[in-house]
Amino acid sequence: MRSKAKSIDKNGNKSLFDAKRRKKNEDDCRNEWQINAFKRLFVLFIALFIVYFSNKYTSQRLIVFASGKESIRELIRRQRVECSKIDYDSEREKFGDCIPRTCARLVTDSIVSEEDAKHLLTIAKKGMAIGGSSGSATILDLHSGALSYEQSFINIYKLMQINSNYSVFSDLDFQVYERVKNKIHSTIASQFNLNPETLFLTHPTFFSRLTAHEPNTVHDEYWHLHVDKHTYRSFHYTSILYLSTYNEDFEGGRFVFVDQNQNVTIEPRTARVLAFTSGSENTHYVERVTKGTRYALTVSFTCDAQQAIQTSLFGKNTE
Ligand SMILES: O=C(O)CCC(=O)C(=O)O
Ligand SMILES: [Fe+2]
């Protein structure tokens with residue numbers, strides 16, 4: 001009887017010991033699981049923190065300065081920017097008050113009529129029908145007559161001289177260009193407080209046709225970030241007249257000013273004029289077109305009389 005009680009006691013002690021050990025194991029497991037869950041949560045939190053702040057500080061804020069859907073009601077929408085410190089200084093002595101002191105971007109839907117813009121589009125189309133790039137960008141320079149042709153350029157005015165079948169431009173075509181150019185010229189002169197007589201049309205002045213095709217040459221790569229004053233040495237004031245509309249005629253292809261903390265986009269719209277001072281305060285690029293065809297006309301101005309071009313010579317330059 002006594003030995004039986006002893007054995008029960010012994011077994012009872014053993015099972016108590018097992019139960020304690022099991023409980024301790026369970027507690028250890030639970031603790032380990034909690035620690036692991038906490039570690040995972042911590043890592044996830046750090047990852048989210050990094051993603052949030054890197055987005056906040058590295059990605060540019062995007063401001064739509066002029067949407068393609070709206071017709072701008074005010075005569076001119078204007079954004080002032082601080083002029084580049086280095087781009088203009090050496091020129092002030094030479095060209096005086098024509099060199100910008102206040103720099104800005106202007107957008108207007110009111111100075112060029114839709115009718116004139118549509119007429120200019122027909123000029124671009126019939127000129128480009130004579131040639132055209134095999135890649136993503138075709139240009140037709142109204143001053144020099146240069147026209148993209150497959151992977152290089154031809155002179156459309158030379159062709160016109162040789163063969164009258166190529167004489168596709170009428171006097172009216174050049175008159176419409178002249179009228180539109182004069183309107184942009186006087187708008188830029190008054191907006192930047194310039195004596196209009198010190199501001200001249202300069203080269204190149206060209207139609208562009210941009211598509212989603214793959215590029216074949218560097219001339220096709222229209223989407224690079226650039227400063228017009230560095231690309232086209234004579235430019236002081238750039239203007240672009242749009243001949244087609246974003247999200248109607250094409251997708252992608254917005255004009256983007258890249259500022260320190262933000263990008264400012266202009267969505268093209270038929271008859272919309274974008275004008276800006278050509279220095280590095282207005283560094284920009286054009287987004288790649290992803291669908292459709294985008295047409296525009298670049299009309300730019302210089303303070304340098306030696307870089308002036310005469311519209312009366314358009315159609316005659318056969319060099
Ligand atoms: O077509 C545009 O919107 C701008 C083109 C441009 O930046 C350029 O030709 O320098
Ligand atoms: Fe440009």
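Me: How do the residues of the shell around ligand 1 divide into nonpolar, polar and charged?
Reply: Four are nonpolar, three polar and one charged. Ala, Val, Leu, Ile, Met, Phe, Trp, Tyr, Cys and Pro count as nonpolar, Asp, Glu, Lys and Arg as charged, and the others, Gly among them, as polar. This is a predicted model, where local features need pLDDT of at least 70 and side-chain atom pairs count only at pLDDT 80 or more, while totals for chains, interfaces and linings use all residues. Residues are numbered from 1 along each chain as its sequence is written, with chains lettered from A and ligands numbered from 1 in the order in which they are written.

Me: Which residues are around ligand 1?
Reply: Ser-208, Asp-228, Ile-240, Phe-255, His-284, Val-286, Ala-296 and Thr-298 (C-beta atom, placed from the backbone, within 6 Å of the ligand). Strand 14 (284–286) and strand 16 each give two or more residues to that shell (strands are DSSP E runs of at least two residues, helices H or I runs of at least four, numbered from the N terminus).

Me: New topic: which residues are buried in helix 5?
Reply: Val-176, Tyr-177, Val-180, Ile-184, Thr-187 and Ile-188. Buried means 20 or more other C-beta atoms within 10 Å of a residue's own, exposed 12 or fewer, and partly exposed in between, with C-beta atoms placed from the backbone.

Me: And which exposed residues does the face turned away from them carry?
Reply: Asp-171, Leu-172, Gln-175 and Ser-190.

Me: What about just after helix 5?
Reply: Asn-193 takes a positive phi of about 60 degrees there.
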